[in-house]
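Biologist: I am new to this structure and would like to learn how to read it, feature by feature. Could you show it to me and then take me through it?

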Amino acid sequence: MTKKAYPQASLSELWFLSYPLIVTMAAQVVMQFVDRMFLAWYSHEALAACVPAGVLAMTFASMFMGLASYTSVFISQYYAKRKYASVTVSLWQGIFLAVLSSLVLAGLTPAGFAVINTFGHDAPVRVLEIKYFAILNIFGGLAVINNALASFFSGRGQTKIPMWAAVVGNIVNIALDYIMIFGKLGFPAMGIEGAAWATIIGSASITLIFGTLIFAGKVRKEFKIKRL
């Protein structure tokens, strides 16, 4: 019984597919880095608060983001076999799992408060930590949902689409950090809360891009996306 021969991918082909994934995975980290940069110019207390609170929020979300990313494994297998109906089913299963995970993540917010209280930081810093963590964690499910939606593209080898969506999300975050932290263009100066909201809105813009590309036009018809 002879083995079936498969074409081997070159290093350049692997790099072409993988470097957008690297950029995409770094997007959430870059958002928090930008928060810290702007908050360092705003106040020392805000900077001291956003670092541990941001790391804690990322730790909580990462457990579910990794789970949602497995959607790409199933999509890639079914897409390679041209089982487009199964691709659609896998996408919806990933979305449902991501939404459920988002609710669980939001429910863990009080546990995060308990962890923050064990840090032993001064009261003014602790108050800012709780504000920053609460916003990031309650709406942290957006990053989980984005991972599931991105899998629809990365699983089919279209890795540049999630990358550019992540770039747009980071641009939105940078602009809103400046506006909302310092109170520009008629906005009140929101400090660390403004940084958190800028990150969430940046993530929401990524969700909007994915939703528009998946549920509108050619893709929706080709994969019969509305069919569960």
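Modeller: The secondary structure of this protein comes to 10 helices and zero strands, where helices (H or I, at least four residues) and strands (E, at least two) are DSSP runs numbered from the N terminus. This is a predicted model, in which local features need pLDDT of at least 70 and side-chain atom pairs count only at pLDDT 80 or more, while totals for chains, interfaces and linings use all residues. Residues are numbered from 1 along each chain as its sequence is written, and side-chain values use heavy atoms, with hydrogens and water left out.

Biologist: What does the C-alpha trace of the protein span along its principal axes?

Modeller: The C-alpha trace spans about 70 × 35 × 35 Å along those axes. As one example of a separation, K221 and I116 are 105 residues apart in sequence and 47 Å apart in space, C-alpha to C-alpha.

Biologist: How should I read burial, and is K221 buried or exposed?

Modeller: Buried means under 20% relative accessible area, exposed means over 50%, and partly exposed lies in between (1.4 Å probe, protein chains only). Of the 228 residues in the protein, 42% are buried. K221, found in helix α10 (residues 218-223), counts as exposed because its relative accessibility is 59%.

Biologist: Which residues form a nonpolar patch on the surface?

Modeller: Patches are made of residues with over 30% relative accessible area and no salt bridge, like charges being joined within 9 Å and nonpolar side chains (Val, Leu, Ile, Met, Phe, Trp, Tyr) within 5 Å. A salt bridge is a side-chain nitrogen of Lys or Arg within 4 Å of a carboxyl oxygen of Asp or Glu, and accessible areas come from the Shrake-Rupley method with a 1.4 Å probe, only the protein chains shown counting as cover for residues. Here V99, L100, L103 and V104 form such a patch, with about 360 Å² of accessible area together. L100 is found in helix α4 (residues 84-107), and because its relative accessibility is 51%, L100 counts as exposed.

Biologist: How much space lies in the largest pocket, and how much in the largest cavity?

Modeller: On a 1 Å grid over the protein atoms alone, a cavity is a set of points where a 1.4 Å probe fits but cannot get out, whereas a pocket is an open set with protein on both sides within 12 Å along at least five of seven lines, and lining residues have an atom within 4 Å of a point. Grid points are joined across faces, edges and corners, and a volume is the space filled by probe spheres set on the points. The largest pocket holds about 510 Å³ of space; 22 residues line it, and T24, M25, M65, S69 and N147 are the closest to its centre. The largest cavity holds about 110 Å³, and its 16 lining residues include Q28, A57, A61, L136 and G140, which lie nearest its centre. Helix α2 gives the most to the cavity lining, with four residues.

Biologist: Which residue other than glycine has a phi near 55°?

Modeller: That residue is L185, whose phi is positive and whose place is in the loop between α8 and α9. L185 counts as exposed because its relative accessibility is 72%. R82, which is not a glycine either, has a positive phi of about 60°, and R82 is found in the loop between α3 (71-80) and α4.
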